[in-house]
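Hi everyone, thanks for making the time today. Let me put the model up on the screen, and then we can walk through it together.

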Amino acid sequence: MMKYFVLGLLLVAFCLGAGPVSASAPAGGSGWLTINCNTDGASVYLDDTYKGTISGGSLDIADGAYASTYKVTKDGYYDASGAVNYVPGSDVNLEITVTLTPKPVGSGKGWINVYCNVDGASVAFDGVTKGKISGGVYSLEVSTTGTPYTSYTVSKNGYTTYYGTVSSMPTQDETISLYSTLNPDVTTSPTLIGGSTGFYQVTCNVNGASVYFDTTYKGMISDGSLTVPVYLTGTPYKTYRVEKSGYETVTGTMPTIPAQDTTKTIAVTLIPTSTFEPTPVPTTIAQPLGSGKGYLAFHTNVDGATVTIGSFMAGVTRSDGLLTVPVATTGTPFEEFIIVKTGYATATGTVPRQPAEGETVDIYVTLTEEPAPVPTTQSPVPLPVIVLGILGAGLMVRIRRA
């Protein structure tokens, strides 16, 4: 008896120590679900309940056919999931085959969707073209551990290029949306009709900068340049201006009119503003007469400086060196300004242009300290002169006594 008792204990211990065995669909059985998978060790869930792991390429689950959903998952792979879709009265057993796809090495993935109103527009991130808008959207798959993008552009011939920033990157399985609107390019030709044409090409280091000839807007820098056709018989432009928020505005005199079908280049380099940041918030100054209003923002390196525009004393710069002046968009445009402060050389300049309604035109001025006056000191009388003076005085006294 003792021998059989010991054998029984050994058998129980062996059974307890053995690992779990996956069930197999028995011949003639019903309600079984077989999950076939290309990845051993993947975990299988039915209706979010764990059922076992894939071994030898499959897992048989009793009564699994009656579940609603399945999911197969394993670290380092994208999940596979779906509906079981058992139809009563159909096959008594079901078989589902899934393929797990490895994730990129060392990372997950997310998506960036760029929406645009113009199909066929090119989408670029940090200057590298990634694809084109189709059906109003372009979707880019990105690695969550890759180098983050900081900017994007959407462009198409005949439209003004859209520039935007990427404020954050998607996390694992997240999709972020960016929105852009392309507007048709403005007509850059002068209003005069007829005549031969030449071209001005404005090159600039900053995409998105606005270009003006005299006071006429001509377009925006894209891919480093803007080409403007001009009629050779039209009234010549006198000045150009290139500006963008956050950069010093550049103005200059137009070169001579280009010959027919030739191009003259205007090279411009915009320099970031090092100290001052434009602000659209106006100071509390009475609004000049007129319907709409824009703003002239004077940025200086000192506070307490008095700003005069034309004959109008506009105000005094505040502690951050800024004075924002509202001006009527329909009033007579200001032309010149003067900025004065004791101890500094007076600064004068020209107002670049009249702002449009709601627009702020930034003007940057640096006041230079006047050098302190150097006191003039009279040179002392040389010693030989003093000695000769004393001797002469003594001689005069002796002559009188004699």
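Ser43 stands opposite Thr53 in β3. The strand on the Ser43 side is β2, residues 43-46, and β2 and β3 pair in the antiparallel sense over four bridges. When I say strand, I mean a DSSP run of E with at least two residues, numbered from the N terminus. Two strands pair if DSSP finds at least two bridges between them.

A word on what you are looking at: this is a predicted model, with local features needing pLDDT of at least 70, side-chain atom pairs counting only at pLDDT 80 or more, and totals for chains, interfaces and linings using all residues. Residues are numbered from 1 along each chain as its sequence is written, and side-chain values use heavy atoms, with hydrogens and water left out.

Back to that pair of strands. β2 and β3 belong to an open sheet of four strands, in the order β3-β2-β5-β6, with antiparallel pairing. At the edges sit β3 (49-53) and β6 (80-83), each pairing on one side only. Neighbouring strands here are turned by 20° against each other on average, direction ignored; the axes are lines fitted to C-alpha atoms, and angles run from 0 to 180 degrees between N-to-C directions.

Most residues other than glycine have a negative phi. Asp173 is another residue with a positive value, near 65°, and Asp173 is found in the loop between β13 (162-165) and β14 (175-179).

Let's go across it strand by strand. β23 and β24 pair over four bridges in the antiparallel sense, and Thr306 stands opposite Val316 in β24. These two strands form a hairpin with two residues between them, and Gly310 in the turn has a positive phi of about 60°. On to β26, residues 336-340: β23 pairs with this strand in the antiparallel sense over four bridges, with Val307 opposite Ile339. Then β26 and β27 pair, also antiparallel and over four bridges, and Phe337 stands opposite Gly349 in β27.

In a regular strand the side chains alternate between the two faces of the sheet.

Phe312 lies in β24, residues 312-316. Phe312 counts as partly exposed because its relative accessibility is 29%. Phe312 and Phe337 are 25 residues apart in sequence, and 9.1 Å apart in space, C-alpha to C-alpha.

A quick cysteine check. The structure holds zero disulfides, a disulfide being a pair of cysteine sulfur atoms within 2.5 Å. Cys37 is buried, with a relative accessible area of 7%, and Cys204 is buried with 7%.

The largest pocket holds about 650 Å³. On a 1 Å grid over the protein atoms alone, a pocket is an open set of points where a 1.4 Å probe fits, with protein on both sides within 12 Å along at least five of seven lines, and lining residues have an atom within 4 Å of a point. Grid points are joined across faces, edges and corners, and the volume is the space filled by probe spheres set on the points.

Which residues lie nearest the centre of the largest pocket? Of the 34 lining residues, they are Ser155, Tyr159, Thr161, Ser222 and Asp223. The lining divides into 12 nonpolar, 17 polar and five charged residues. In that count, Ala, Val, Leu, Ile, Met, Phe, Trp, Tyr, Cys and Pro are nonpolar, Asp, Glu, Lys and Arg are charged, and the others, Gly among them, are polar.

Methods. Buried means under 20% relative accessible area, exposed over 50%, partly exposed in between (1.4 Å probe, protein chains only).
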